[in-house]
Amino acid sequence: MIKDKILKALNKQINEELYSSYAYLAMSAHFKSESLDGFAHWYRLQSEEEYGHAMKILDYINDRHGKVTLMKIDPPKATWKAPVDIFKETFDQEVSVSKSINGIVELSLAEKDYATNNFMQWFVSEQVEEESTALKLLDRLKLIGDNKNGLIMLDRELGMRASAS
Ligand code: FEO
């Protein structure tokens, strides 16, 4: 059986992932309202990916015969001044998620729960990629600055993102 401390941390992580999903969905809707359909598409897929992360943890808890407890999801922001602010917030969110994932890894070692430690390694690797992608896009947005052509070009590029499934 899974220990209470680990179960609590995993249930909290489900909430973190669902919040990310919710926040990226809000960002997608915002970009759509600004007619930046490529950004909207990219964030919609990102939202779906985060939902998938939450489901992965939920399935793991069930596999370990633990009790899934869903918590309230905080409402995300709905409007932003500029695209660069959204990417800054995305990067900060990913850094925050990495921190909580690392916390679960540390806890799993302290509690000698090697199965959870092994399970969490997938998330550790995923966060390296997620932080890197968010930072790269933030850097590009900073380079683009007020250049509308640059923004349209990036919008087109992000619109070509293929679904993971
Ligand atoms: Fe699932 Fe981007 O954290």
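Lys 3, Lys 5 and Glu 111 are linked in a network of salt bridges, a salt bridge being a side-chain nitrogen of Lys or Arg within 4 Å of a carboxyl oxygen of Asp or Glu. This is a predicted model, in which local features need pLDDT of at least 70 and side-chain atom pairs count only at pLDDT 80 or more, while totals for chains, interfaces and linings use all residues. Residues are numbered from 1 along each chain as its sequence is written, and side-chain values use heavy atoms, with hydrogens and water left out. Helices are DSSP runs (H or I, at least four residues), numbered from the N terminus.

**Salt bridges**

- The structure holds nine salt bridges.
- In the one between Glu 111 and Lys 5, the closest N and O atoms are 3.2 Å apart. Glu 111 sits in the loop between α3 and α4 and Lys 5 in helix α1, so the pair ties together parts that are 106 residues apart in sequence.
- Glu 111 counts as buried, at 17% relative accessibility, whereas Lys 5 is exposed, at 52%. Here buried means under 20% relative accessible area, exposed over 50%, and partly exposed in between (1.4 Å probe, protein chains only).
- Arg 161 pairs with Glu 49 in a salt bridge whose closest N and O atoms are 2.9 Å apart. This pair links distant parts of the chain, with Arg 161 in the segment after α5 and Glu 49 in helix α2, 112 residues apart.
- Within helix α2, Glu 48 and Arg 44 are four residues apart, so about one helical turn separates them; their side chains meet in a salt bridge (4.0 Å, N to O). Glu 48 is partly exposed at 44%, and Arg 44 is partly exposed at 48%.

**Nonpolar cores**

- A nonpolar core is a set of buried Ala, Val, Leu, Ile, Met, Phe, Trp, Tyr and Cys residues joined through side-chain atoms within 4.5 Å.
- The largest has 22 residues, of which Phe 31, Phe 39, Tyr 43, Phe 87, Leu 154 and Leu 158 touch the most other members. Helices α1 (4–33), α2 (37–63), α3, α4 and α5 each supply at least two residues of this core.
- Apart from this core lies another, of 20 residues, including Ile 2, Ile 6, Ile 57 and Phe 119.

**Residues to look at**

- Phe 31, in helix α1, is buried at 1% relative accessibility. Leaving aside residues up to four places away in sequence, Phe 31 touches Leu 36, Phe 39, Ala 40, Tyr 43, Pro 83, Ile 86 and Phe 87, where contact means heavy atoms within 4.5 Å.
- Leu 154 has contacts, not counting residues up to four places away in sequence, with Phe 39, Leu 137, Arg 140, Leu 141 and Ile 144.
- Gln 93 belongs to helix α3 and counts as buried, at 14% relative accessibility. Beyond residues up to four places away in sequence, Gln 93 touches Glu 16, Tyr 19, Ser 20 and Tyr 24.

**Largest pocket**

- The largest pocket is lined by 13 residues, and Ala 82, Pro 83, Gly 145, Asp 146 and Leu 151 lie nearest its centre. On a 1 Å grid over the protein atoms alone, a pocket is an open set of points where a 1.4 Å probe fits, with protein on both sides within 12 Å along at least five of seven lines; lining residues have an atom within 4 Å of a point.
- Helices α3 (83–110), α4 (114–144) and α5 (148–158) each supply at least two residues of the lining.
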